[in-house]
Amino acid sequence: MMCKMISLGHLDIRHNRVKEMPSQMGQLKSLQNLSNYKVGRQSGSGIGELRELSHIHGNLVIEGLQNVVYAKDASNANLVGKQYLDELELEWEEDDGVEINGAEMVLDNLQTHSNLKRLTIKGYGGSRFPYWFGGASIINMVSLCLWGCRNVSTFPPLGKQPFFKHLHMYGLRGIKRVGAEFYGTKSEPSFVSLKALSFRYMPKWKEWWCLGGQGGEFPCLKELRIDSCPKLSGDLPTHLPFLMKLVINEGCEQLVAPLPRVPSIRELMARSRDIAQWRELPPLLQDITITNSDSLFLESLLEEGLLQRNTSLENLTIQTCSISRPLSRVRLPITLKFLCIFGCEKLEFFLPELFNYHHPSLRYFLIYHSTCDSFLSIPLGNFPRCDYLKIRYLKGLEFLSISTSDRDLPSFDELHLHIS
C-alpha cells in the first residue's frame with residue numbers, strides 16, 4: 001500500500017487515470033512535491049488527508065472538489081497552513097449537481113496561506129467568491145485565474161491587491177457588470193501592478209464601469225484581451241499608458257467604443273471597423289490581426305494607406321473576413337515580413353492586386369482555408385526575400401500560374417501548394 005511509503009518525497013500522477021487517491025495518503029508526511037490530489041468519496045481518500053502533508057512545495061492541483069461531502073472536511077485539509085505552496089489549482093467538475101451553498105462553504109474553508117503566488121479556480125458553482133478573497137490570504141498573490149465559475153454574479157474587491165500581475169476570467173456566465181466593487185476603491189489607483197487582464201466567454205456581461213482619469217485603474221497594464229462577450233457595450237479604459245497588446249476578438253458585436261489610443265501598443269487584434277477609427281496606427285505597432293471584419297471597413301483599410309503609413313508593422317494576419325468588390329489597389333507597408341490570410345472569402349477581389357505590388361521585406365506568406373473563384377498569377381519577382389510560401393485549401397481556384405526570371409528568383413526554403 002502506498003501509505004506505507006512514509007519516506008516518499010515526490011509523487012507525480014498528472015498523466016495517471018486514477019479516479020481518486022489511494023487510502024490514507026495523509027501518512028506520507030515526507031512528501032514535498034505532489035502534482036495532483038484527486039478527492040474521493042471513500043473513507044481515507046477525502047480531502048482531509050491533505051492535513052498532515054505540511055511540507056508540500058511548488059504546485060498542487062486539487063481535483064474532484066464536488067466529492068467533498070462536508071464543508072468541515074475542506075477545513076481539515078489545512079491549506080492555510082501550506083506555507084511552501086507557490087501555485088494552487090482548485091477544480092470542480094462543471095454541472096456537478098452540488099448545491100450552490102455547499103460549494104460556497106467548501107471554498108470558504110479552503111483558505112490559502114498568504115505565501116501563495118498563483119491561484120486557479122475551475123468549475124466552481126457557488127454564487128459568490130470566498131470571503132478570504134478580500135483579506136490577507138491573497139496579499140502576495142501575483143496571478144489569479146477564474147475559469148467556469150458559472151453562477152458568480154459579482155466580483156470581490158480585487159483591485160486593492162498590491163502585487164496582482166495576471167488576472168484572467170473565463171466563462172463567468174453570471175457576471176452582468178464590472179463596477180466599483182471590482183476596483184475596491186474610488187479615491188486611489190487600483191490594480192497598481194497588473195500587467196495582463198482578460199475577459200473571455202462572458203455572455204451576460206453588459207457594462208464595464210471605468211474610473212477614468214490620470215493614475216486611475218490599471219496604470220501598469222501591458223496586455224488586455226476581450227473575447228466572446230456579445231452583450232458588452234459602453235466604454236473601455238482609456239488611460240493605459242503602457243499597454244503593448246490589445247485583443248478585441250470575435251463575439252463582441254455590441255462593443256463599438258473607441259479603442260484606447262496608446263502609442264506603446266506593439267500587438268493588436270481587432271475588427272477593421274475598430275482600427276478604422278484611428279487616423280494613424282500607433283507608431284510602434286509591429287503585429288496586427290484583423291478578424292471577423294465588415295467588408296466595407298476592411299476594403300477601406302487595405303486601399304487607403306492606413307496600414308502602409310506605419311513604418312514599424314512587420315506581421316499582418318487577416319482572418320475570417322470577406323471582400324465584396326474588386327480592390328483598386330492594395331497598400332501594405334514595405335516593412336511587412338509576415339502575411340497570413342486565413343478563413344477568408346472572395347479573395348479573387350483581393351489577391352490579384354496584392355500580387356501586383358512589390359513586397360521587398362516579406363519572408364513568410366500563407367493563404368489557407370479560404371475561397372477564390374478565379375485564376376491567379378504569382379510573379380515571384382515581387383517577393384524577392386520570401387523564404388516560405390504556403391497555399392492550402394484555396395477553394396474555387398481554377399488555375400494557378402507562377403512566373404519568375406533568373407534575375408529575381410527568390411531562394412525559397414519551403415514552397416507548399418495544396419489547393420484543395
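Let's start with contacts, meaning heavy atoms within 4.5 Å. Of those in the protein with a separation of 6 or more, 57% join residues 24 or more positions apart.

A word on the source. This is a predicted model, where local features need pLDDT of at least 70, side-chain atom pairs count only at pLDDT 80 or more, and totals for chains, interfaces and linings use all residues. Numbering runs from 1 along each chain as its sequence is written, and side-chain values use heavy atoms, with hydrogens and water left out.

Now the overall picture. The protein has six helices and 22 strands; these are DSSP runs, H or I of at least four residues for helices and E of at least two for strands, numbered from the N terminus. The C-alpha atoms fill a box of roughly 75 × 55 × 35 Å along the principal axes. There are 420 residues, and 48% of them count as buried. Buried is under 20% relative accessible area, with a 1.4 Å probe and protein chains only.

On to Glu-348. Where is Glu-348 found? Look in the loop between strand E17 (338–342) and helix H6 (351–356).

Glu-348 is buried, yet without a salt bridge. That term needs a side-chain nitrogen of Lys or Arg within 4 Å of a carboxyl oxygen of Asp or Glu. Lys-346 is the nearest side chain of opposite charge, 4.3 Å away.

What does the side chain of Glu-348 reach? The backbone nitrogen of Asp-373, at 3.0 Å. Leaving out residues up to four places away in sequence, Glu-348 touches Thr-371, Cys-372, Asp-373 and Ser-374.

How values were computed:
Buried < 20%, exposed > 50% of the residue type's maximum accessible area, 1.4 Å probe, protein only. Lys, Arg positive; Asp, Glu negative; His and termini not counted. Polar contact = N/O pair within 3.5 Å; in protein donor to acceptor, adjacent residues only side chain to side chain.
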